[in-house]
Amino acid sequence: MSDAATLTLCKKSDVPEDEGFKVEKDDFSLAVFHVEGEFFVLDDLCTHGPGSLSQGFLEGHIIECDFHAGCFDIRSGEVTAPPCMIPMRTFKVIDDPENVVIELPQE
Ligand code: FES
């Protein structure tokens, strides 16, 4: 059993499929995605500037930032298209039947 701290973000049913959903909770501003029954969570603020990934355009597992059209893979946070250079922080999603729950990063 893991003793990592977790945070419940929302109900799975709150997150529309193939679109971003923004959750602000505690000190986190997060973009939640639902693709093919799986959930993915990243920071919402683009590493390149003021873009909000939850407002971006999702194609498969690639999110295009709405600000300068840089792209990231929502599974890994890796940059897939410039002008972004810095990967996004992603969060581990904990298996839960009803809610989107993440494991909080250890400080
Ligand atoms: S702010 Fe996201 S690509 Fe520039």
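**Close-up views of a predicted model**

**View 1. The S3–S4 hairpin and its turn.** Two residues lie between S3 and S4 in this hairpin, and Glu36 in the turn has a positive phi of about 50 degrees. Strands here are DSSP runs (E, at least two residues), numbered from the N terminus. S3 runs antiparallel to strand S4 (residues 38-43), and six bridges join them. Two strands count as paired if DSSP finds at least two bridges between them. Residues are numbered from 1 along each chain as its sequence is written.

**View 2. The S2–S3 hairpin.** Strand S2 (residues 20-25) meets strand S3 (residues 28-35) in an antiparallel arrangement joined by six bridges. Here too, two residues separate the strands of the hairpin, with Asp26 in the turn showing a positive phi of about 50 degrees. Glu24 faces Ser29 in S3 across the pair.

**View 3. The largest nonpolar core.** This core holds 23 residues, and those with the most contacts inside it are Leu9, Leu30, Val32, Phe33, Phe39, Val41 and Leu42. S3, S4 and strand S11 (99-103) are the elements that give two or more residues to this core. A nonpolar core is a set of buried Ala, Val, Leu, Ile, Met, Phe, Trp, Tyr and Cys residues joined through C-beta atoms within 7 Å. A residue is buried if 20 or more other C-beta atoms lie within 10 Å of its own, exposed if 12 or fewer, and partly exposed in between, with C-beta atoms placed from the backbone.

**View 4. Phe33 and its contacts.** Leaving aside residues up to four places away in sequence, Phe33 touches Gly20, Phe39, Phe40, Leu58 and Ile74. Contact means that the C-beta atoms of two residues, placed from the backbone, lie within 7 Å.

**View 5. The three-stranded open sheet.** The strand order is S1-S11-S10, with antiparallel pairing. S1 and strand S10 (93-94) are the edge strands, each pairing on one side only. Five bridges join S1 to S11, and Cys10 stands opposite Val100 in S11.

**View 6. Ala5, ahead of S1.** Ala5 sits in the segment before strand S1 (6-11). Ala5 is exposed because 11 other C-beta atoms lie within 10 Å. The C-alpha atoms of Ala5 and Cys71 are separated by 30 Å, and these residues are 66 apart along the chain.

Methods. Predicted model: local features only at pLDDT ≥ 70, side-chain atom pairs only at ≥ 80, totals over all residues. Helix = DSSP H or I, 4+ residues; strand = E, 2+ residues; numbered from the N terminus.
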